[in-house]
Structure formats: C-alpha cells, structure tokens
Amino acid sequence: MTVRDILVFGSGVCVTYLATLLVKISSPLIDGEFVGEVGPALPTTAVATHVTSTASATTSFTVRAARTSPTTTRLLASATSTTSTFAVRAKDVIADISRASRDLKLDCNERYGWQMLQNWREANNAVCTPDRLGGSLVSCRVRKPFDLVNQDRLLCSLENAELVTYRPEYFKSPQVSYHSAEFGVHSCSQKSHSLRWGWWEKKTMERLHYNYPVTCRRGTVQHTLLLHTVWHAPDVENFYENFHDLLALVEAVLVLQLEFSDVEVLMPNLISSSNVTTSFFDIFRRLFSTVGIRYGHEWYPPGTCFKRVVITPSSGASTLTIEGGRHGKTLNCRSPLLTGIAHAIPRLFPDRISKDATEAKCAISFVHRKPHTDPKSRWVDSDRVMQEIEQMLLRKQASRFEGVLLKPTEWSFARILGVLARTGVLTGVHGAGMMHVMFLPKGSLLLEFFCGNRSPEIDLCFKTVSMLLGTKYKNTWTPNADRSKNWLNSGSNSCRMYEPKHMAKVIGDHLDGVSCGDGPGY
C-alpha cells in the first residue's frame, strides 16, 4: 500500500466517523408536534453511504434526508458532496427541451416548450422583499397563458422562512388535498400584487406570519424543499393523475433552475413510503433519490427554518390539461417538455435493459386491468384476449409480432420500460394504464377501447398525450353501445360486451404501418 493509498483510506475513515458522530449527537427533531390526531412520529435516523474512489481521492455521501433530522442534514451537507445512483440532471432536460423547441410555432412553444418555462420564470411577482441581508423573500411566478378561471397557475417560493405550524392532510379523501402549512417571515416589506390564489396554495399564502420572531430553534435546512401535496392521495394508483404530480415537480425544478439532486420533496398527504406500492412511483423515488422524499409522518417540526421552501403548482391542472387537454381538444402541438421528460425517465432505470428490451419481436402490449365484480366496470378477460391475439397473428402470418400482457400493478417499472421499448401497439380498455404511451418507440400506435362509463366523446386525455408526443392514436367504441344521454348509467354499454375475438380483430386491423424498436418516440 502506497502512502497515497494510506492517506485516502485514512481520510475516508475519518469522514465516516465524523458523519456517524454527527448522527449520534443530533437530537430527534420529529417529535410528534402535530396538530390533529395522527399516529406517532417515527424515530429519526440518518442513512449515509460512504463511497471512496482511490482513483480520484475523493469521498462522497449519499444522504437520505427523508430519514434525517434537519440539523444532521445541514451538517452533513456542508461537509460532503451528495451523489445519486440514478442521475438525471435538470440542465440536460432543459437542453433537450430547448433543442426540440427551435422549430416550434410560438403558440405551441408558449404552452408546451422552452418558451413556456422562460415566460414562467420571468413572470415573478414579489409578495415580500427583504429589508436587510438575511431577511425573508416571498415571491410567486405566474404561468401564462393558462386557462384557469378566477385563479392563477402559481409557483411560489419562500426564502429564509420558519415553519410555524402544519396540519397533516393524509387523512383526507382523494382530490381534496391542499397546502395547510403556515410559515413565519421576517425583515421584509409587503408588496402590493394582483395574484389570485387558487385553493391549492390559498391557506398557506394567506396565512403568512409577517414580522415573525424567527429563532430557528429547531435548526436550519439549507437545501431547497419542494412542498407538494399529491393530487390523488392517499390512493396513489392512477398513473395518469399522478403523472400530473410528476409534471408539477419537474416544472418547479426547471423553472427555478434547480437540480434534482439538490432538492428534497415533502408529500404531506402520503402517510409513508410503505403505503405507496405502485411501480410507477419509483420514478419519484429515483428522480429525487439524492436528498430524498419525506412523507406525512416526517414533517419538519415547528421552529425549523428553511433557506427556501417552494410551493409547487396544483396537480389538478397541468400541461396535459390546458386548452381542453382532458377532452382531446388541445392545440395541435408537440410538447418538448413532455418529450424531454419521456427521454429522461428511462435513464433512471438502467436495469430496464433485459431480455424484454432486446427481444427481436415487436410487442402488441395489452394493458391488464384488475378483475372487478361490478358489471359496469371497465374490465375484460385479459387472458382470453391474449389467446385471441395469438390466434389472430397466426391467421395473419404476422410473425414479427407477439402478444404481451402488460401488468402495471404487478411488474417493476424497469420491466415495464423494457417491454415498452419494443412495443408496436399499446392497447387495452381506457384507463390510467394508457399513460404508458409516454415511453413508446417511434412509429408505434396507441389503440384505446372505450366502454363502461367512459366515452371517446369526452374522455380523450390519452389522445392529447399521444398528440403531444407525436405518437399515432386510434380508438373504438363497444359494438352496439348505447350512446344515448343516459349512457353513463347504461348496462348495455358495459365492457362485458367486448368479445375477445372482436378485440383481437380490431387490433389486427391496425397493424399495417406499425413499427417498433426504432428508438424512443421523441
């Protein structure tokens, strides 16, 4: 062992010991200071992974701040540099968006491209500006154009603020989540503004405590905290709806010119990570894996100061919903923002490269839905459909295709991405699983079957997503469906009317011109 190796080893041991010591001497900060009836707080522990490179003689830590007290996080962050196994850089995503926006029409660019991010960044409205060095700064950026009625699409930021109180929202029913934390600000002058608070941020922004006696008695968090209430919590099972959450978080990072590796996410209306079992949530975990994600039981205690807290925009509306996006009425545009995200997410899953991803045959991926006893549910017998698809391919002698039953609720997201990489046709009954259209290759097709309580006259959100990505889209109704004004309650429009043989025939009729495996569709 050389002298240099001894020095590198010794420095690594010392830093590891220092980190361990800091963890031991830091007092637990999540100590049950809740408002309302909630479960006991979990004990705070710090998890630091020691990585030493003898080639570069550097030492780094991956700090999971979601399980670390604010004081420990602050001290570790000042002594180490953080790294992530699943690295996606925001500046690379912005570069992709910028390149794809060069030839975009102005109205499309202002809604879906680099110009949208730039305009949003520049539309900054001061709410309270600092009177002296170290004073608080409160500001909100307004996204325009955005078709909200009587409220603005806001991205608000609080700097040098102290948490006063909060009410955990994870006991609420789906779609009623909103920000309820209250912050104190100091040494800043209030400014007049014409901002129209939405229900999402209204309580927090209207209840700011001005001239608050800030003490930071529970420590100061140096990294940026993204405060984000999840749209469909506590049931995080809808890939389409929760993709709006991902969009809100990514847009906040890009607009504020932050890095994914430098921010922490707090999702106060999710009880804990153990309650989130859907595979697509791994996107969130991996994208923000460096500093981490906190959940409802991991709130910072009142008295904690923050260098910066960002209140992300509402996920009930997003880039996918503007201009009638939920109903397929969006402008005929491509979205560099959406394609940039679609390009970045697979890089979070290097484990997606498998037999599924390299298989020669082009997949007809049928999205499986959970069986349901309700006769009006949108469920069909997936196994029988797959049998009919195989028979259809034999009759058509379409040997380059094979049927694959895609199971989003059972497979890892890495495995799903591997199959999608070679999918020519993504198909199934209308539902959140159609959101996997995000990751189809060039030349592929999304084929959507409508039945039950969903209609192609209204529910065309995936047509919007397909158009924004540049992916081909087709849909079909249930045969002999009752399209009267009472169709929502009509048993005759049940998905049970779909014969698997008929579905396989419709799929077979759409194979011409389909290609797959030619690279991602962006």
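Okay, let's start with a helix pair: α3 passes α9 in a right-handed crossing. Keep in mind that this is a predicted model. Helix α3 covers residues 90-101 and helix α9 covers residues 336-344, and their axes come within 8 Å, crossing at roughly 135°. So α3 and α9 sit oblique to each other.

Who touches whom here? On the α3 side you have Val93, Asp96, Ile97, Ala100 and Ser101, and they meet Pro336, Leu337, Gly340, His343 and Ala344 of α9. Sort the α3 and α9 contact residues by class and you get six nonpolar, three polar and one charged.

Now for the cysteines. The count of disulfides in the model comes to four. The Cys108 and Cys333 link is left-handed, with -70° about the S-S bond. Where do the two ends sit? Cys108 is in helix α4, residues 106-112, while Cys333 is in the loop between β11 (305-311) and α9, so this pair ties together parts that are 225 residues apart in sequence.

Next helix pair: α5, residues 114-122, packs on α7, residues 239-255, at an angle of about 70°, and the axes are 9 Å apart. That makes α5 roughly perpendicular to α7. The crossing of α5 and α7 is right-handed. From α5, the contact uses Met116, Leu117, Trp120 and Arg121, and from α7 it uses Glu251, Leu254 and Val255. By class, the α5 and α7 contact has five nonpolar residues, two charged ones and no polar ones.

Last stop, the sheet. Five strands make an open sheet, ordered β13-β12-β14-β15-β16, with parallel pairing. Which strands are at the edges? Those are β13 (401-406) and β16 (472-476), each with a single partner strand, so one side of each has no neighbour in the sheet. On average, neighbouring strands in this sheet are turned by 20° against each other, ignoring direction.

Strand β15, residues 445-449, runs parallel to β16, and five bridges join the two. Among the residues involved, Phe449 has Thr476 in β16 as its bridge partner.

And a helix goes over this sheet too: α14, residues 500-508, lies across β12 (362-367), β14 (423-429), β15 and β16. Relative to β15, α14 runs at about 150°.

Terms used. Residues are numbered from 1 along each chain as its sequence is written. This is a predicted model: local features need pLDDT of at least 70, side-chain atom pairs count only at pLDDT 80 or more; totals for chains, interfaces and linings use all residues. Side-chain values use heavy atoms; hydrogens and water are left out. Axes are lines fitted to C-alpha atoms, for helices over the stretch in contact, and angles run from 0 to 180 degrees between N-to-C directions. Helices (H or I, at least four residues) and strands (E, at least two) are DSSP runs, numbered from the N terminus. Angles under 35 degrees count as roughly parallel, over 145 as roughly antiparallel, 65 to 115 as roughly perpendicular and the rest as oblique. A crossing is left-handed if the near helix is turned anticlockwise from the far one by less than a right angle, and right-handed if clockwise. Contact means heavy atoms within 4.5 Å. Ala, Val, Leu, Ile, Met, Phe, Trp, Tyr, Cys and Pro count as nonpolar, Asp, Glu, Lys and Arg as charged, and the others, Gly among them, as polar. Two strands pair if DSSP finds at least two bridges between them. A disulfide is a pair of cysteine sulfur atoms within 2.5 Å.
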